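Please read this briefing with the sequence and the model side by side.

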Amino acid sequence: MSATTLCIIRDVDRPFGGIISVRPTAITEAERQATRDFTTNHPASDLPCDDQGNRKAA
């Protein structure tokens with residue numbers, strides 16, 4: 001059990017390689033989808049963060 005856990009941790013620590021592989025563009029796609037969903041569900045609202053991902057002042 002411990003060996004399996006360590007192997008999973010090692011693999012997740014290398015996101016662009018290994019068994020659990022994530023494309024470098026995946027976070028960009030997730031951001032695009034989240035922005036699309038927010039603007040669809042809240043058309044009169046601005047995004048709660050700036051272009052750098054920092055929270056806007058209330």
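The points below are grouped by topic, after a short note on the model.

This is a predicted model, in which local features need pLDDT of at least 70 and side-chain atom pairs count only at pLDDT 80 or more, while totals for chains, interfaces and linings use all residues. Residues are numbered from 1 along each chain as its sequence is written, and side-chain values use heavy atoms, with hydrogens and water left out.

**The largest pocket**

- The largest pocket holds about 150 Å³ of space.
- A pocket is found on a 1 Å grid over the protein atoms alone, as an open set of points where a 1.4 Å probe fits, with protein on both sides within 12 Å along at least five of seven lines.
- Grid points are joined across faces, edges and corners, and the volume is the space filled by probe spheres set on them.
- Its lining consists of E31, A34, T35, L47, P48, C49, D50, D51, Q52 and G53; a lining residue has an atom within 4 Å of a point.
- Sorted by class, the lining has 4 nonpolar, 3 polar and 3 charged residues.
- In this sorting, Ala, Val, Leu, Ile, Met, Phe, Trp, Tyr, Cys and Pro are nonpolar, Asp, Glu, Lys and Arg are charged, and the others, Gly among them, are polar.

**The nonpolar surface patch**

- I8, V12, I19 and I20 make a nonpolar surface patch of about 420 Å².
- Patch residues have over 30% relative accessible area and no salt bridge, and nonpolar side chains (Val, Leu, Ile, Met, Phe, Trp, Tyr) are joined within 5 Å.
- Accessible areas come from the Shrake-Rupley method with a 1.4 Å probe, and for residues only the protein chains shown count as cover.
- I8 belongs to helix 1 (residues 2-12); helices are DSSP runs (H or I, at least four residues), numbered from the N terminus.
- I8 counts as partly exposed because its relative accessibility is 47%; buried means under 20% relative accessible area, exposed over 50%, and partly exposed in between.
- From C-alpha to C-alpha, I8 and I20 are 8.6 Å apart in space and 12 residues apart in sequence.

**Salt bridges**

- The model has 2 salt bridges, each counted where a side-chain nitrogen of Lys or Arg is within 4 Å of a carboxyl oxygen of Asp or Glu.
- E29 pairs with R32, with 2.6 Å between the closest N and O atoms.
- Both E29 and R32 sit in helix 2 (residues 26-41), 3 residues apart, which is about one turn of the helix.
- E29 is partly exposed at a relative accessible area of 29%, and R32 is partly exposed at 43%.
- R36 pairs with D37, with 3.1 Å between the closest N and O atoms.
- R36 is partly exposed at 39% relative accessibility, and D37 is partly exposed at 36%.

**Helix 1 and distances along the chain**

- T4 lies in helix 1 and is partly exposed, with a relative accessible area of 48%.
- The C-alpha atoms of T4 and A44 are 48 Å apart, and these residues are 40 residues apart along the chain.
- D11 is also found in helix 1, and D11 counts as buried because its relative accessibility is 8%.
- D11 and S21 are 10 residues apart along the chain, with 8.5 Å between their C-alpha atoms.

Notes: Patch = residues over 30% accessible without salt bridge, like charges linked within 9 Å, V, L, I, M, F, W, Y side chains within 5 Å. Helix = DSSP H or I, 4+ residues; strand = E, 2+ residues; numbered from the N terminus. Buried < 20%, exposed > 50% of the residue type's maximum accessible area, 1.4 Å probe, protein only.
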